[in-house]
Amino acid sequence: MNRRLSFALLVFVMTMSLAAHAQKSQAPADPELQKIKTPPLPEFHPQIPKRIVLPNGMVLLLQEDHELPLVDGIMRVRGGARLEPAAKVGLVDIYGDVWRTGGTRDKTGDQLDDFLEARAAKVETDGNVDSTTISFSCLKPDFDDVFKVFLDVLEHPAFREDKIALSQYQLNTEIARRNDDIDQIARRVATQLAYGPTNPYARFPEYATVAAVTRDDLVEWHHEYVHPNNIIFGVVGDFDSKAMEARIREAFGSWPKGPEAPRPEIAFHPEKPQMYFVPKEDVNQSDIQMVSLGIERNNPDYFAVEVMNYAFGAGFSSRLIKDLRTAKGLAYSVGGGIGSTFDHRGIFRLGMGTKSATTAEGIAGLKQELQKLIDDPPKDDELRMAKETILNAFIFNFDSKEKVLREQMSYEYYGYPLDFLERYHAGIEKTTAADIARVAKKYIHPEQFATLVVGNPEEIGNQLKSQGPVAKWDITIPPPPGEGKSPAGSQSK
Amino acid sequence: MKIPLRRFLPALLLVLIVIPAFGQQLDVAAFEKRITVKKLDNGLTLVVMQRPEAPVFSFYTIVDAGSAQDPLGATGLAHMFEHMAFKGTTGIGTRDWPAEKAALEKVEETYAAYRAERYKPVGHDDAKVKQLEEAWKEAIAEAQRYVVPNEFDELLESNGGRGVNAFTNWDETAYHYSLPANRVQLWAYLESERFLHPVMREFYKERDVVVEERRMRTDSQPIGRLVEQFLGGSFATYPYHRPTIGYYSDLYYFSATDAKAFFDQYYVPSNMVVAIVGDVNPAEIIPLAEKYFGRLPTRPQPAPVHTAEPPQRSEREVQLRETAQPFYLEGYHRPNYRDPDDAVYDAITDLMSNGRTSRLFRALVRDQKIAAEAEGFTGFPGTKYEHLFAFDAVPLPGHTPEEMRKAIHAEIEKLKTTDVTDEELKMVKTRAKANLIRGLADNAGMAFQLGLYQLRYGDWRELFYSVDRIDKVSKEDIRRIANKTFSPTNRTVGIIETIAGSHPQGEKEQ
């Protein structure tokens, strides 16, 4: 398949459709707008990275970009926090820190810091929900020096104990502070309500699970997952692809395959769809979240759902903003939509912040909008506007070489077709009002939503009474093992 | 965990972090060819940078007026106008402009009458207030009939606008978004039209939205509450002691007429820079700018702020007792950004705060194990006027603000008495160069930087010249500035002390 050609075709199609839209889209009061010229967008061929599969299974994506004298690379490694044991939640967070800060066989992490910072370079590692990463960034003349450090960290991490302790301290600080911020509470609890509190996508580290993580766990994790056949390696910047390919083949040619990372089957057990309340006395605004399960991105309805999301709750011209912010002045921050992720179901989430006194009005507003989406789904102008918003901004999906690389790495990582972006464009373009009405019926079930309010109980008063049974959701932070109570100052109610 | 304090000042972060310098691989001459400056007859300055990597462009319109310009009794007005700049024009957002205009005038008349009665100290009549309030609300409902809601936003978004937004801080107000490159004419029309024919439409509902923004950012956040109190304590006069978001009493007072008056006074072409970066051609952009932005009428340049902060003669401290976890913040007065030692403060920022090699990280986080994070940075809360060099630290569980204070002071003492090492100084200078290079690959970031430097210095090249200034910083400079700045009487401290129980400090509304 010739990627360049297909992209060129795609852009051609896009410019045509833009011109057609421009014709009918604008009939506003301002006659000056009619005189504005919108020529077709110049033909644009996004540069597709060179894809190489090494004999040991590592997938390499090389993206030359000679604009600036920089080279950046990132390896995405299969396995992530969703695979860590429930008794050790936080393991991958700590691993993501200490893989780099713990240094290598020959150098401590601090020595690496000094070496790299003197060159304004970075080698960093990170732990995420479904993968871990190791990356570098440097000025071109420093590439050889920095790549050596990168390889050293990749191949010989030492996971020194002092840095494990440091990472644990920092994670404990996050735990101690997680009830200080209302938005953080609301997002965390809403995720737990949508997926179920013990679901691997909704678990949060506790003092006990952090304390349970040992150096052996980190070493073992590294041995289990860091194998070439579990890795996608993207490099972007000012280099020659042939020379870079040779350098990488030389570095990894003799690295043998290892066991494949498992693909987890994770079930969702949403909490009972009812009203939940978390009291927080030091705020004067309620954070309202309504959640249920979303979809996976490879769902054939994804494109229609995207269009519906734009019309419903994304951006300043969406229904939620128009009705609840602009028309009613109820909120500064309001939005929502059917969430999707690449390899598991996302969260269908609606959220807003409104003053304590209008908490009930805010909930009623969100519920009405949800019902209206089924009864009066976007069509005509709303549909056209949502599609134009997506399609006219489509260029921003690939307006830098680095973005193209990142997109391609995602498709590669999740096993999506590499031309997913083109399919996306086509899918959006052919979405009709009937599609929207159909997906609205299919995916919106108001009775399945859990509703959460985090707010000031005194100021809210009895507004939640009319919402049916209200369950209090306990956010007390469990004390560290061996201590009778939480560390000084943590909230308990 | 992210840096807690700077998170509150995203715009500030850009200025702070990316200001630094410039490197051996690139030089100003290379940029001279790609950057064109055009001052229009009405005084508006346009900066165009060609970066034809992809058929898109980004821009920033920066107005040299922020919340420091809020009139007495109208805190939040600069920010309120920023919200209004998305409400459309006399041609966009209306069903019938002449009828809407008359209806909006009625809204202002009824509001003025209501407001006068409401705040009358003598002879105040509740029944009359109620009646006048009703009349005002009726007038609002009447005006609403002519509104096409969110039409301006819809136009931008449906044309492919990305990152459509704006911000206000103490120093400036900025508007920005990105569009596909075939929309330059549309952009030039809309961006000039919003400042040529602004309409204070749906003003009082938007005021409610802004009040919700205040609840979210300030009242419902422990650090938001601390920063407001801290700045109030740090400055006695103009310009940084009042919150950009505004106080409730002012937010519930000011009118659409007040916002329009603010606009008339400060949104003067000579007080504005428009910077555009991307796949754009000056030969095309400049005539478009002349045609559209050239329509903005010339008005007198507003007078600059002349009030200076009197010298601080005693240490000050604000202490919040909260159920939230503890936090420590302190700030020292320093001169404005035109100070000849500005680069020295930048160098100290980098040395104290940048990453795992920074002094505060190594002392408080790595070695003493008392903090999760610690930083020291200049430019708080702005840079245009005399401002603060601030330090803050997030204690680990079980550690106190007092320990942060001692540990930070010990690091400051080292800065005063012992030269930094050659390696440290070299690292600071190298990073400054690399930071600038990394920033160049971002249309929006470059538009903001070029526009801001053009506005603040009258020359975008200053962005690149700042390398020379950082490069010239010596060990002696760092000691000299540390001794000059970090003295106890020049200090204000802000602390969150954790108390048991559950009573808040959040501001009660009227």
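**View 1. Domain assignment of chain B in the predicted model.** The assignment divides chain B into domain 1, made up of residues 6-21 and 309-498, and domain 2, covering residues 38-295. The C-alpha centres of domain 1 of chain B and domain 2 of chain B are separated by 31 Å. In the contact between them, domain 1 of chain B supplies 34 residues and domain 2 of chain B supplies 41 residues.

**View 2. The side of domain 1 of chain B that touches domain 2 of chain B.** Two or more residues on this side come from each of the helices α1 (10-18) and α17 (443-457) of chain B and from each of the strands β7 (316-322), β8 (327-334), β10 (387-395) and β11 (491-498) of chain B. The most is given by α17(B), with 10 residues. Sorted by class, this side of domain 1 of chain B holds 21 nonpolar, nine polar and four charged residues.

**View 3. Chain B stretches with pLDDT below 50.** Across chain B the average pLDDT is 92, and 93% of the residues reach at least 70. Residues 1-25 of chain B have a pLDDT below 50, yet this stretch makes 62 contacts in the model beyond near neighbours in sequence. Residues 503-510 of chain B likewise stay under 50 in pLDDT, and the model gives them 18 contacts beyond four places in sequence. Where pLDDT is low, predicted coordinates should not be read in detail.

**View 4. Scores of the predicted model.** The ipTM is 0.91 and the pTM is 0.92.

Methods
Residues are numbered from 1 along each chain as its sequence is written. Chains are lettered from A and ligands numbered from 1 in the order in which they are written. This is a predicted model: local features need pLDDT of at least 70, side-chain atom pairs count only at pLDDT 80 or more; totals for chains, interfaces and linings use all residues. Domain bounds come from an automatic or database domain assignment. Two residues are in contact if their C-beta atoms, placed from the backbone, lie within 7 Å. Helices (H or I, at least four residues) and strands (E, at least two) are DSSP runs, numbered from the N terminus. Ala, Val, Leu, Ile, Met, Phe, Trp, Tyr, Cys and Pro count as nonpolar, Asp, Glu, Lys and Arg as charged, and the others, Gly among them, as polar. pLDDT is the predictor's confidence in each residue, from 0 to 100.
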